[in-house]
Structure formats: structure tokens, C-alpha cells
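Here is a quick tour for anyone meeting this structure for the first time. Have a look at the model, then read on.

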Amino acid sequence: MSNSVARYFDTMDYGPAPESDTDARQWLSRHAQGFGHFIDGRFTGADSGAHFETVEPATGLLLARIAQGSPADIDAAVTAARAAQPGWMAVGGHARARHLYALARTVQRHARLLAVVEALDNGKPIRETRDIDVPLVARHFYHHAGWAQLQEREFADQVPLGVIGQIVPWNFPLLMLAWKIAPALALGNTVVLKPAELTPLSALLFAELAAQAGLPAGVLNVVTGDGATGAALVAHEGVDKIAFTGSTEVGRLIREATAGSGKSLTLELGGKSPFIVFDDADIDAAVEGVVDSIWLNQGQVCCAGSRLLLQEGIAADFIERLKRRMQQLRVGMPLDKAIDLGSLIDGSQLDRVRSLVAAGVREGAQCYQPSCALPTGGSFYPPTLLTGVQPASTVATEEIFGPVLVTMTFRTPDEAVALANNTRYGLAASIWSETIGLALGIAPQLQAGVVWINATNLFDAGVGFGGYRESGYGREGGREGCHEYLKPRAWAARKPRAAQAASGATGETARAPVTSSTLPAIDRTAKLFIGGKQVRPDGELSHAVFSVSGQRFGEVGTGNRKDIRNAVAAARAADGWSSATPHRRAQALYYLAENLSTRADEFAARLVRFTEVAAGSARAEVDAAVSRLFAYGAWADKYEGTVHVPPLRGVALATVEPIGVVGVVCPDEAPLLSFVSLLAPLLAMGNRTVIVPSESHPLIATDFYQVLETSDLPGGVVNIVTGPAESLMQTLARHDDVDALWVFGAASLSRDAERLSVGNLKRTLVDHGLATDWQDGAAAEGAPFLRHATQVKNIWIPYGE
């Protein structure tokens, strides 16, 4: 016995330690005839009678027969959710909190069953489902029970969206379910969930347990099926929001499919996250961090640290230690508690990983795989390290979604940042350094929604998670995640914009009324404003501007695609504004307000002439514009992040960052006030703008650039391009160097803005043709606009031993 124990201590060999699957098999046997959909509180058969089979990734053996959802099944689920939503909201926050508390307790009581079913269905190690997934599921329901309790106070000016369509992936089926269902239900919405075709079992088990816990019928509905089922959910007119986690390619399809529908949308998509190790890092700790980062769930993690960036001085030593550590990794059956890696999800994913590794080797990478026996019959792949990878190679740019790590080196911190940001994604990053000042200096420079310092893959229900750029938009978790399932009460009351009457003549044959004057007026054509200068339009074209009744006032430059390109380039170059202090930005906004105020009579007179409103209304619009600039000057250094305290020794800093370059298309109503109301929050938060003013009344904006010229706003921060709203908006939407797009006006403009912005998955704020009362501070000013003008980065900082 002692010899055996001593040998185990010497060799660190492990024998199998299988977790019992008896309870899970018994549950599956109770549904041996096949699972139906869970609709309106009970399991129902598929409308078409069609089923498909789900198998164990580790063995290829049949697990269950699953109902194939059709549009009719989706319609039944949405109808049930719609009928249940008013009552679910009406029960109040305390009642909903008690229901979510019951769900959390139910998860804990059935933790072993849920963990085993998840491991069988997904192929990941039982240690991960037992120790990571299921505890986090319970944590999300506990945390959001608290938001339900506090909703009436903390979100008094907001209302639930309604019926939420949710689509979750196969890599974390149960955890993603909790990330989405918990906030939606807590805040008064009802849900139709479509789990991944490959891993539907934990969602069906959860629905069954939720019913047993007393969740009212119709509040949670689960419809299983393939991509066609998900497409039917996305297309259903009765759904108010789609929350999707999955591939960037499918995210683009969903953005296009929902364009113009009025549906809210959050996307949590792919990633190619950097894992940066500086030469002062604790190397052994960083090696363990790599193991946790890339080989968790066989690398099938959207935020996996799949790009290892090593400072040159430690690269050779680090790689040597990492290879030694890889030799200790164990690949085996998911229910074995002594293994580190289980099975990939299926054969097609295995083929993809093999193909990408082969491509990396062809492009010059050296492949290292430890010698380890792989189980037969499943989709197993060994932990893999690719060295000698070039930044532009396939394996450095494409998401492999497998247990494959690629490594590159850097010399300086600036080079590390450049390599880290050399990706179209922006989900997560890890920084390893014993110099906290260095780590905290690098974190804000990384274009990622989550940054871990001397840690990796830390998650909590109270800390938002989500990406930048092609990793999607929106946040899940924490207060910021709650806002994704609410809308401002004032916006909910908006009505469709009234059709505008033709505003006078539109051709050059129109003539202004003849007036007596000693001298003719000096001819003036208002120019564009790009890079802090008045410039002629590229096409050397202009068009006439008329009042509401048809009086011709003059001409304004007609911007085109090249003008937008020049404006975007100027905005991109003005990045110093994004790093300016909030106090600096506040002072600039106050100064704009001061300069506008000194010319208030002039602007009011111009509004009377252009829009033919009463003098009092015109002066009220100017005064409101001055007030709005002051308001956002006030917000500039007060709209701040927060410090999260997750259940670990450490904190997470939720910092608010500007989005970058934002295109804005203004409506025709209140041409000065709407212009200022859309521009000011973006400036306050450090964004640079390309703004298309009111197409009917552009001279108000060209007058405003004279105010800009007398301010201390840096050139390029505000760029004004006049011309046809539709064509200029389309150019902005297609431009991959524009990070976000705000469009207010006709419903068709909103539709096209959402549809055409899929190239780089811009964040969009559109009004779907609903009119905003720009004088109403609740509808046209404040936190809703500031949230859209920023993105939240959570920086995790563990401390202590």
C-alpha cells in the first residue's frame, strides 16, 4: 500500500474516478419516447411530429430524441409568452424575486444531476460542469433575484421590453441559459429560449425543474430545433428582443434579419483573445493561467486566450515550462473526475480544428502536442501549441474554437498592445505582470470588453461580460446587463413620426420672392466642415435650401462618399479627444454653450425663417440647445464606472469608454435642438463624430460650425457633411472605420442603417421612425444616450494570496 502511494506521489499518475450517471440515465429513460417542446408550462409534441437525435460527443452513442421546432411551434411559444407577460410584470418585483430565489435553490438541490447531464450532452469534464457551470448558474439567479427586488426603485424610469427570444450556443448550454433567462425574467419580461441543436438537454431539464419550482406557465418556454427554428424565432413579429450568443457569422445574419423590425438586439459573438505575459510576470502562475485560459472546455470558449503574446526575454523559458506542463494534461471521458480535457462537441468541429492546425503548419508554424492516449469513439483532440506564428497567419486571425494555442513574441509594451489589438474581435484579454502600474496602464489600451490582470476566465453575475467590434455588443451580467432588458419609459411612449409635407419647391426653377433692396445680398454657399475647417464638397456640387413654404434661402454643399471618407479619416485622427480628461471635455461643452448663447437671437431668427415656427418657439429651441450642452458638460465628468465586488479576493473595475468614431444622421424636426441633443452626449463621452444634419434645414448646422470654430474643440472631433440623408447614411453604415451609427428620421433610414452596418457589426441607435419630443428631457437627454455613447470594460484585479 505504502509503495503504491509513494509511486503515485512520484509519478502523479491518476486512475479513473468516474462520476455516477445513474440519476441522469433514469431521467433520460423517463423521456425515452422523445422530448417535446416546453410551452406554456408543459411539454408538448412538435407540431410537425418531426424529431432529431442528440448523441454523446465522447462516445457517439444516442442520448435522446428531440422535437424539431417549426414556425408553428415558435408561434405557440411566443403566444404563450405574450399572454403571460402582463401578469408576470404585474406581480411586482418582490414576487419575481421570490421566484428567482426558488430557481436558484432548485439549481443547488439538483446540482449533481444538472452537472452530469451537461457533461454527457456537451463532452466537457464533469469537474468543469460541477465546479464552474452549475455554481455560476445558481449565482445568476440569486443575483438577479436582487435586481427584481430593487427594480421599482433602481429602474423606475424604465419598463420591460416584453417577449424575449433567446438563442444559446452548445459550449456552455446551461450557463448561457442562466445568463440570459435570469435578467430577462427578473425585470418583468417573458422568454422563448432556443437551445443549441447539439446540446438541448440541460435546457429541457431546467424547464422541467422550473415548473416544479412554481414558475408560472408561459413565463419560460423552450423550443428545440436546428438553425431553421432559430431563424423562425428571430423573424417572429411578436418578439421584442433577440439575445444571441454564437458565431460572428450567424450574428451578422441575425442583424440583417432584424433590421427595421424594431427588435432590440444583443450579440455575444466570437473572439481571438490575447494572453499577454511581460518579462516581470510570475512565469509559473502565468503557465497555469494559460492552461485555464485555452484548455478550459477543450478551448471551445469564446473568450479563450488563444493568442499567447510573450515578451522576448522570457519567451524560450516560458515555452519550455509550458510544454512540460502540457505533458501532464489528461484527456479522457467527461465523467472521469481525474481528466483535464474531454471531447470536442462533434466530428465536424474536430475536422475544423485539424484543418486549421494543418493550415498553420503549412504557413510556417511549429506544432507541439504532448504524447497522450486519446479515447476512441468520440471527438477527442490533444492540447496543441503552435509556435513561430506570424501575426497575419490563419491561426493567428481565425477563431479555432479548440484546444489550440498560438504564440508570438513582442519587445515593448506598445508592441504588445499593437499585437493584441491586431484582430477584428474584441471580447477579452489577459495581462500578466508583477508591476501593477504596467498592467493597469495596458488594460485601457486593449480593445476588449473584459480584461483580466494576473488571472483569466473569471466570471460573475454582478460583473458585465461582452465585447467590442466583431465580438458583438451589449453586456450580460450586472447593472449594465439589466439595461439590455429594459427601455426608457419615455421611449416606450413614442409615436410614429408624422409624414412631412413637401417643403416647397425642390428644383432650381424655384425662385425666392422679389424684395426691394439697394444692393443684392452677397452670394453664399455653405460648405462642409471637416477636420476643423470649412471645405468645399468633393463633387463641387450644391443644392438649394428652402423654407417650409418654399422660400429659397441659398445653397448648401452636397456631400458624397469621398466627403464621408475624408470626414471619417479626420475623426479617426482626432483620437486625442478620446483620451482627454473628462474635465477637459466638460469645459469644451460649456464653452460651446457659452458661444451659442451669445448668438441666441441670431439662431432663433434663423429658425423662424427656415422652419417658420413662432418666434417664441424658436427662442425656446435655442435655449433648450444651450441647456443641453450645459447638461452634457455636467455629465462629462460624472457619468462614471463603478467598482464591482465579486465573490473572490479582488475587484472588477467597470470603466466606461468612448465607442470611437460615431456617425450621426439627424431628423428634420427641431433642427438645432435635435442636432445638439445627438452630438453633445457623444462629445461628452469622448467620441469623435461625423454628423449629417437635417436634410431639410441644414443651414442651422452650417451656422453651428461657426460656433465650433470659436470654441476650443480640436479639429476632427466634429465633422459636418450636408446632403441627402439616405445616401450619406448608407456610406456611413458601410464604412468599416465607423464604430457606431445613430440614425433618427424615417423608418426606412433605421432599417437600412441596421441592415448595412453588419460589415463590422456597428452598434446602432435608431428611432424606427418614432418621433422624439426633443424638448422633453426624459426622452431626449441623459442616461439612455450616455449608455449608447459608451461601452463598458470590466478590468478584473485579484489581490492577495
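Of the 801 residues in the chain, 59% are buried; buried means under 20% relative accessible area, exposed over 50%, and partly exposed in between, with a 1.4 Å probe and protein chains only as cover. Keep in mind that this is a predicted model, where local features need pLDDT of at least 70, side-chain atom pairs count only at pLDDT 80 or more, and totals for chains, interfaces and linings use all residues. Residues are numbered from 1 along each chain as its sequence is written, and side-chain values use heavy atoms, with hydrogens and water left out.

## Overall build

The chain has 29 helices and 32 strands, taken as DSSP runs (H or I of at least four residues for helices, E of at least two for strands) and numbered from the N terminus. Along its principal axes, the C-alpha trace spans about 115 × 60 × 45 Å.

A compact globule of 801 residues would have a radius of gyration near 28 Å, and the chain's 29 Å agrees with that. That radius is taken over C-alpha atoms, and the globule rule is 2.2 Å times the number of residues to the power 0.38. Among contacts (heavy atoms within 4.5 Å) with a separation of 6 or more, 77% join residues 24 or more positions apart.

## Aromatic rings

The structure holds 19 aromatic pairs. Rings of Phe, Tyr and Trp (its six-membered ring) pair if their centres lie within 6.5 Å; planes under 30 degrees apart count as stacked, over 60 as edge-to-face and the rest as tilted. Take Phe 744 and Trp 774: their ring centres are 5.6 Å apart and their planes sit at 55 degrees, so the pair is tilted. Phe 744 lies in the loop between β30 (740-743) and α27 (747-756), while Trp 774, 30 residues apart from it, lies in the loop between β31 (763-766) and α28 (777-780).

Phe 744 is buried at 1% relative accessibility, and Trp 774 is buried too, at 3%. Elsewhere, ring pairs link Trp 179, Trp 452, Phe 459 and Phe 465 into a cluster.

## A stop at Phe 630

Phe 630 belongs to helix α23 (residues 615-636). Is Phe 630 buried or partly exposed? With 43% relative accessibility, Phe 630 is partly exposed.

Leaving aside neighbours within four places in sequence, Phe 630 touches Tyr 590 and Ala 593. Phe 630 and Ala 586 are 44 residues apart in sequence, yet 8.5 Å apart in space, C-alpha to C-alpha.
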